[in-house]
Amino acid sequence: MVGERGIRDERYPSSCGEIGWAAVDRIAAILDAGRAAGVPVFLTRFALDASGNDIGVYGRKRAFMKERDDWCIDGTMGAELLPEVGPKPGDIVFVKKKPSGFHGTPLLGYLVERNIDTVIVLGGATSNCVRATVFDAASYNYRAIVPADAVFDRLPISHAISLFDMDRQFADVTDAATVIARLQKHSKGE
């Protein structure tokens, strides 16, 4: 989703370039603040079988997969987490096959077991995985927080409209600095 830092080329058709990398740096800072505060960190990887037989209807919109052998294919760089974000000791990582971090994953069970009532949603793309996860969080009655500068999208208008829609009724849209400050207060027991 972000390609290689400082490089924008055709090898990464879904790349968000520098916008994505700026968000990745803020994501890493939020995750570090959360870990320091003892907040559980759940990371998702979108990984598909090379045969494509587990993509479902999503494949109808991803025709370039037939031409690429590394886009979100399990075992390739395209399906791995960036070292900047983790995983780190104590993090929980799971694979998802759909945009939402909730759909077909153990996330809901982990949140219930830990009595968590709020999720901070980070990553990309704002108009796809972030939005789907926020809508599912709201459907399960979780408070969702979205730091606008720690999520990203290839198209600025898609990013802006998605943030507007989420803030309007499904999430609290804020910024990374506010989230980090709140996590630091939580770390101090405030």
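Modeller: Let's start just after helix 3, where Asn141 takes a positive phi of about 65°. Before going on: this is a predicted model, so local features need pLDDT of at least 70 and side-chain atom pairs count only at pLDDT 80 or more, while totals for chains, interfaces and linings use all residues. Residues are numbered from 1 along each chain as its sequence is written, and side-chain values use heavy atoms, with hydrogens and water left out. Helices (H or I, at least four residues) and strands (E, at least two) are DSSP runs, numbered from the N terminus.

Back to Asn141: that positive phi belongs to a residue other than glycine, sitting in the loop between helix 3 and strand 5. At 70% relative accessibility, Asn141 counts as exposed; the cut-offs are under 20% relative accessible area for buried, over 50% for exposed and partly exposed in between, with a 1.4 Å probe and protein chains only. Asn115 also has a positive phi, about 55°, although it is not a glycine. Asn115 lies in the loop between helix 2 and strand 3 and is exposed, with a relative accessible area of 69%.

Ala125 is in the loop between strand 4 and helix 3. There is a cis bond between Gly86 and Pro87 too, with omega about 5°, and Pro87 is in the loop between strand 1 and strand 2.

Now the helix itself. The buried residues of helix 3 are Thr126, Cys129, Val130, Thr133, Val134 and Ala137. Their cover includes strand 2, strand 3 (118-120), strand 4 (123-124), strand 5, strand 6 (151-152) and helix 4 (156-169), where contact means heavy atoms within 4.5 Å.

Strand 2 (residues 92-96) has Ile92, Phe94 and Lys96 on a covered face, and Val93 and Val95 on an uncovered one. Strand 2 runs parallel to strand 1 (residues 42-46), joined by five bridges; strands pair if DSSP finds at least two bridges between them. Within that pairing, Phe94 is the bridge partner of Thr44.

Phe94 also brings us to the rings. A search of the whole structure finds five aromatic pairs; rings of Phe, Tyr and Trp (its six-membered ring) pair if their centres lie within 6.5 Å, and planes under 30 degrees apart count as stacked, over 60 as edge-to-face and the rest as tilted. Phe94 and Tyr110 make a tilted pair, 6.2 Å centre to centre with 40° between the planes. Phe94 lies in strand 2 and Tyr110 in helix 2 (residues 107-113), so the pair ties together parts that are 16 residues apart in sequence. Phe94 counts as buried at 8% relative accessibility, whereas Tyr110 counts as partly exposed at 26%. Another pair, Phe102 and Tyr142, is tilted because the ring centres are 6.3 Å apart and the planes are at 35°. Phe102 is in the loop between strand 2 and helix 2 and Tyr142 in the loop between helix 3 (126-139) and strand 5 (143-147), so this pair ties together parts that are 40 residues apart in sequence. Phe102 is buried, with a relative accessible area of 6%, and Tyr142 is buried at 10%.

One last stop, at helix 5. Leu183 lies in helix 5 and is buried, with a relative accessible area of 8%. Leaving aside neighbours within four places in sequence, Leu183 is in contact with Ile30, Ala33, Gly34, Ala37, Val39 and Ile120. Leu183 and Leu31 are 152 residues apart in sequence, yet 9.7 Å apart in space, C-alpha to C-alpha. Ser187 is in helix 5 (residues 176-187) as well, but is partly exposed at 41% relative accessible area. With neighbours within four places in sequence left aside, Ser187 is in contact with Ala36 and Ala37.
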